[in-house]
Amino acid sequence: MKKLMFMAAFAVFGLANVNAQEVETSYGFEEGGIMLEGGLGFNSTNNKNSDTKTNGFSISPKVGYFLTEDFAVGVEGAFTSSTKEVAGIDTGDNKTFGAGVFARYYFLDLGKRFKTYTELGLGYVSSKDKIADVKADGFGAGLNLGINYFVTENIAISFGLADVLSYSSAKVDGGKAVSGFNGNINVFNNFFDTAQFGLLFKL
């Protein structure tokens, strides 16, 4: 009987300890913390009707420093590569490089693991199409929405919902600048059209 009571008390103590550890787990950020975030994407199409093939990939690393537990600033980069082939002939080979700065604010927690943020970014981009021998440079600014889902205390999945507002201006060598402004008012109706996934590591 005493042995049974001891085992029951030990089990209760163990469950209490596990619950305490779950309560103490922190899914979020701290002042002075650092985050490493990055996205990786690729695409490949083969249109047999037009005998056209396209391939491409992109990578976008980002580093941020938290001034407070909700507000971070940082730098980001981007590289994309795309090729196009029509009837067995290469018609496009484009490489694009980008660099910029951003400010991110976490404004809403959806449960313990979901953190919703808005982000303002400003960046420069340079691209070159080797086949067409065309170069272009430009800059842009954008206001975005996103969500982080914490898989563990230090690892989260990033889900960029949509560009709410964006402005861009680009100039091809020998040509005039082309600029544009976009506002996505129905952001919550079509955010899956522009969704971007990535991973975030909290240091």
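**Reading strands, turns and salt bridges**

Tutor: The protein chain has two helices and nine strands. Helices (H or I, at least four residues) and strands (E, at least two) are DSSP runs, numbered from the N terminus. This is a predicted model, where local features need pLDDT of at least 70 and side-chain atom pairs count only at pLDDT 80 or more, while totals for chains, interfaces and linings use all residues. Residues are numbered from 1 along each chain as its sequence is written, and side-chain values use heavy atoms, with hydrogens and water left out.

Student: In what order do the elements of the protein chain run from the N terminus on?

Tutor: Read them as α-β-β-β-β-β-β-β-β-α-β.

Student: How do I tell that two strands pair?

Tutor: Two strands pair if DSSP finds at least two bridges between them. Here, strand 2 (52–66) and strand 3 (71–86) run antiparallel and are joined by 13 bridges. One place to look is T54, whose bridge partner in strand 3 is K84. A hairpin of four residues connects strand 2 to strand 3.

Student: And which way does strand 3 pair with strand 4, and over how many bridges?

Tutor: Strand 4 covers residues 89–110, and its pairing with strand 3 is antiparallel, over 16 bridges. Find T83 and you'll see D93 of strand 4 opposite. This hairpin has two residues between its strands.

Student: What about charges? How many salt bridges does the structure hold?

Tutor: Here's the idea: side chains of opposite charge can pair when their charged atoms come close. A salt bridge is a side-chain nitrogen of Lys or Arg within 4 Å of a carboxyl oxygen of Asp or Glu. The structure holds seven. Let's go back to D93, which is buried at 13%. D93 meets K95 at 2.8 Å, N to O, and K95 is partly exposed at 30%. D93 also forms a salt bridge with K130, with the closest N and O atoms 3.5 Å apart. D93 lies in strand 4 and K130 in the loop between strand 5 and strand 6, so this pair ties together parts that are 37 residues apart in sequence. K130 counts as exposed, at 58%.

Student: Which residue forms a salt bridge with R104?

Tutor: That's E119, with the closest N and O atoms 2.7 Å apart. The pair links distant parts of the chain, with R104 in strand 4 and E119 in strand 5, 15 residues apart. R104 is buried at 0%, and E119 counts as buried at 5%. Salt bridges that share partners join E37, K62, E76, R104 and E119 into one network.

Technical notes: Buried < 20%, exposed > 50% of the residue type's maximum accessible area, 1.4 Å probe, protein only.
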